[in-house]
Structure formats: structure tokens, C-alpha cells
Amino acid sequence: MRRTGPSGPSEIPLHLDRTAEATLPVQLAAGLRDAIDRDTLRGGESVPPTRELARRAGVARGVVVAAYEQLIAEGYLRAGHGRGTIVNPDLGRSAGPRRVAGGSELRDPEPTRRRPPLAPGAPLSDATTRPAWRAAWREAARRPLAGSPPAGDPRLRYEIAEHLRLMRGTARSADDVLITAGAREGLGLLLTALGTTRGHGLVVGVENPGYPSLRGVAARHGARIVPLAVDRDGLRTADLPSGLLDAVIVTPSHQYPAGGSLPLQRRRELLEWAGRTGVVVVEDDYDSELRYSGSPLPALAALDDPLSGSVVTLGTFSSTVSPALSAGFLLAPANLRGLLEPIRADLGAPVSSVVQVALAEYLAAGELRRNITRVRRRTSARRDELSDTLAGIAGVRVRPMSGGLNAVLEFTGAPDADAERRIVARASAPTSQFPTGLGVAALGDYWQHHRGAAGAGLVLGTGGPDEGEFRASIAELRAMLVAESRSLDS
């Protein structure tokens, strides 16, 4: 049976058994009643005209008329005026949440929940609302639909290789680029490839503190996680172990969340160590393009050998275009790409062809670089505003920022995890001005095991809301920090 509703027609299965004792009208009424009780048919939705349902069910129209009349009498259906027979709109209004088999509740989808204004990881880009992206999307939608090769749309791979050459100093072929559904999907692809070739459970080193998301991906793939020490310049390469790790995940351009940039000498030490030990270096290049002070250092991939190297670079368009695209890329030397391509061929392309073509159009027109320039200006202005607003609070220091979309506030003096928890709890509470709270995170949450003697503090995002909301949110955070300043400074 076909029903019509806000989403258009769909099929409702009905089974009639001509050998059963129950008459056909009784069976049909029971099937419709069950569909309504199970919420397959919902209040206000139309049921088929009697002639159409009779034709589909292979019964006389009188069978359907009798079943409808019975359900109208029971209150399940209502004879509408000008729109045929409908399910009684009043059904379920006073019965609470609808339920499905097993007793679980079936609720209407909630509206998209806004991110708290200071939540780390929120992008600042509004690229998809601008004419350039809309034009690229229209051009992609205009073309005949065709599937992309597993490694990705060839033109997009070329444009990404060119973009990385201009922005990150990597003179690499488009063949070295594989399209991914983001950094996490790219890391999962790499770990799958390594797991099939290493012949043992993977051991993955992660910066401590570090990015919880990629650490979680490695753990989900069954890897044993080993924390690696960092300082204000990033990963401490002199302390790297030998004979233990299969891969190491690093954020050399902007250590997360501390913000340090790995010096050139350490980058060379890391590559020399990786070549000597056979460890794969996963370069999470998550917001290197958003550096707004100082000259960027070359990406690890730019220092690596394109044929027999050790570096796999993960990139995404989440911060520079929109996270809604769920699109990114992976850059790998030929020896590692040979491990990745067969698995990608088995799994297929993870990003829709329309998105890939639109991104290729957007990059080819130079719009991504123009948008990055806009985002840099905005993040730089927000850095200044944040530093000015939070300056002078006893026991609180804003760690220097050279780029990126997050900031770290350190509690000076002795570590005070209790103060950290109190402020995070208070900042998470909804208010009339901020219904989702402020969304700041505890610095301690970014440590793999324990932070030892490291200080307490907060991690907050500088992307997301409009300028007025950002200004109001950091003013609210200042008031909370001032209220806690005595305990932070003690």
C-alpha cells in the first residue's frame, strides 16, 4: 500500500491470506490498524483511495470500503473533506512519545543544535555562503553524474597538489594525492593498510597532550597508544623510542592544543629517525594554512622523499571551506601509496562526485586561497581581541598564538585541576544569552594518561559565532575567570 505524506509516497506492506478464517475486510483493517499503531502511518497522512488500494491488493473495492468504515468507526481513520481519507490527526497527541518494536521511543528529529560559541574545533569560514562556492556547486551539479575513481577525481587531485605546492612547499605529483572523507577517514585508511602489512598489532605514538579525535581513531583500529612528550616547540624528537612504534601522529605546524611549531632542526631529526626505524609519520596538517604571524616552516612532506619517504600528510577542507563537505585528502610517497591504493579500490570513493567536482572548480579559480586570506584576517583580529579581553586576570595567562582556531589559557602557579573543573562546569551551563553554554574545554582532557606537573588551564575555540557573539562570549568568560581568580592565584 502506498501512503502519502510530507515526504511523498512510500510503500506500506499489507498481507492478505485468502485461506485464513478471518474475512478479507477484517484482515485489511487489522493490517492498517497495526501500521498506525506501529507509527508506520502517522496522524494526518492520507491513505490510498479505495479503488487504488483495491487494485493493488487484488480485492474488490467493497473490501477496502468495509475496512475503512470499520477504522473510521474505531477512530483510526477520518473521512476528510476534499482530501480523501486520512489517519486521525489526533492519534498519539496525548500518548507521549511514539514507540517502535522493543519499546524504544521514536522521536522526531531535533533541530540542528548550535555549537557553543567557544567550543574548540569550530571553523570560522563562511565560504559556502559566498557566490564563489555557489557558482562552483552549480557548475558541478550541471554536469552529468558520474562516479569518481577510487583515488578521487583526477582534476581535484591535481588542484590539491598545486594548492599544496603554493601553500605548503610540497612539489609533488597529483598521483600522490588520495581523496578522503576527512582526516579521520584518511587515518583509518592508513591504519588499515599498515595493519595488513605489519603482521602484528599496531603501536601508534601520539603527542601528549594531543588531539583526542585522531587518538581515538587509532584506538578504534586496535592500536596500542603510546604517549610522546612535547614541549612549547612541539614533539620532543630527542626522546623518541626505537624499535617500538609503527606510526606516530604529529601536528608540526601547530601543536594541538599548545600551539607550538616544530623547529626545522626537529623536523629533520624526526624524518631521520623515521627513516632509520621504519616508522610512518602521520602529519596532521589541520590548520597550517591559518598561520597569521611569522613565516610558516615547510611541511614535513616537503622535506620527505617522494618515492621512498616516511610521511603521510592528512588534510581537510573543514576549517577553510566547511565541515559539512566531509572532504579532505591524503598525501603519500610512492612506497606508501602502493599500500593505500588497493584498499581504497576495495572500499571505493568516500566523497560524492558532485562535492569533488565543486571543490576542483573552487580551487582552480583560486577561491580557496582567497578565502584563507579572509579567514586569517578574522582569526588574527580575534586573537588580539581575546588577548586584550583576558589580560590582567590574576592567575591566568593567554598562551601566545601564531595561528589556528584555538587558544590556551594557562592557570599560573601550582596546577589547580579543581579550578579547571569548576570553570568548565560553570561555562557549560546554559544561560539566556548562551543556551548551549560557552563550551570551553579543560586542558587536562587532552592528556593521554596524566599531566604530571603540567599546569591546569582551558582550551577554547576562536571560530564559529559571529563577531558580536564572540565578543560577548569572551566577556562572559572573563567574568567567570575573575570570580575564580583568587583560587587560581593561590
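## Strand β11 and its neighbours

β11 and strand β12 (residues 280-284) pair in the parallel sense over 4 bridges. Strands here are DSSP runs of E of at least two residues, and helices are H or I runs of at least four, numbered from the N terminus. Two strands pair if DSSP finds at least two bridges between them. Alanine 247 stands opposite valine 280 in β12. From β11 the chain crosses through helix α8 (residues 264-277) to β12, a right-handed β-α-β crossover. Right-handed means that the path from the first strand over the helix to the second runs clockwise, with the strands pointing away from the viewer.

Strand β8 (residues 203-208) runs parallel to β11, joined by 3 bridges. Here valine 206 stands opposite isoleucine 249 in β11. Both faces of β11 (residues 247-250) are covered. Ala247 and Ile249 lie on one side, Val248 and Val250 on the other, and all are buried (under 20% relative accessible area, 1.4 Å probe, protein chains only).

## The antiparallel sheet

An open sheet of 4 strands has the order β15-β16-β18-β17, with antiparallel pairing. Its edge strands, β15 (396-398) and β17 (441-442), each pair on one side only. Strands β16 (residues 406-411) and β18 (residues 457-461) are joined by 5 bridges. Leucine 409 has leucine 458 in β18 as its bridge partner.

## Basis of the model

This is a predicted model: local features need pLDDT of at least 70, side-chain atom pairs count only at pLDDT 80 or more, and totals for chains, interfaces and linings use all residues. Residues are numbered from 1 along each chain as its sequence is written, and side-chain values use heavy atoms, leaving out hydrogens and water.

Definitions and conventions:
Buried means under 20% relative accessible area, exposed over 50%, partly exposed in between (1.4 Å probe, protein chains only).
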